[in-house]
Amino acid sequence: MKKTFIPPEWAFEFHGHRCPFMPIGYMMGKLAMEHLEVDHEKDHGFFVFPEIGEGHPQTCMVDGIQAATGATYGKVLIEKTFYGKLAAIFYHPGKGAVRYSLKPEFIDAMGKFEFFAYRKRGVEPSKIPQPITEEVINWVYEQMDDFMFKVEPIPDFKFSPVKGSFNKDKCSVCGEYVFERYLRMKDGKPVCIPCSGYKK
């Protein structure tokens, strides 16, 4: 099945450069929303758990996921698992959960493009000649969804988000406000984590 969701230009501007993985994340997010029958998240009801880590390439897909779904880091709707995989679980309390992952054969085919030869040499995406970048992006747009993505419903998935609270107090050392769950006590007085000397 082919259902191309092409990201708007503002998503590339938000991401900062043109590359194939932001659009892949955008497609993944749109397909997951369609699968779960949910709309772009306006508030705090749709959660994404990208299985990426850090210190490896291709994590750009998470910016595409944010642009597509409205589940953003700022709204505390994204939490990385640090598995080092190109996959994500999408969860809505009323609709359930589904996991999308990139198929190895898709990753292998895409890896043959010249774009990745530049990246392996340490060339930043914004410095790669545009025709080379557009070649791989356009190829991604042409691929069938079932060639790109493995889709796994997760019927038993459970997640309880931290309950929000407006309660806060001032740190007795630096005087800055701290939300209550991050306050520590030192010599009987409330302090922030940096002033406490405690580990997080």
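Mentor: Helices here are DSSP runs of H or I with at least four residues, strands are E runs of at least two, and both are numbered from the N terminus. The model is predicted, so local features need pLDDT of at least 70 and side-chain atom pairs 80 or more, while totals for chains, interfaces and linings use all residues. Residues are numbered from 1 along each chain as its sequence is written, and side-chain values use heavy atoms, leaving out hydrogens and water.

Trainee: Okay, is helix H3 mostly covered or mostly open?
Mentor: Mostly covered: eight of the nine residues in H3 (61-69) are buried, meaning under 20% relative accessible area with a 1.4 Å probe, protein chains only (exposed is over 50%, partly exposed in between).

Trainee: What covers them?
Mentor: The cover includes helices H1 (9-15) and H2 (21-36), plus strands E1 (47-50) and E2 (87-92). Contact means heavy atoms within 4.5 Å.

Trainee: Why does Gln66 count as buried?
Mentor: Because its relative accessibility is 9%. Gln66 sits in H3.

Trainee: And what does its side chain reach?
Mentor: The side chain of Gln66 reaches the backbone nitrogen of Tyr73 at 3.0 Å. Leaving aside residues up to four places away in sequence, Gln66 touches Phe14, Ala71, Thr72, Tyr73 and Ile78.

Key. Polar contact = N/O pair within 3.5 Å; in protein donor to acceptor, adjacent residues only side chain to side chain.
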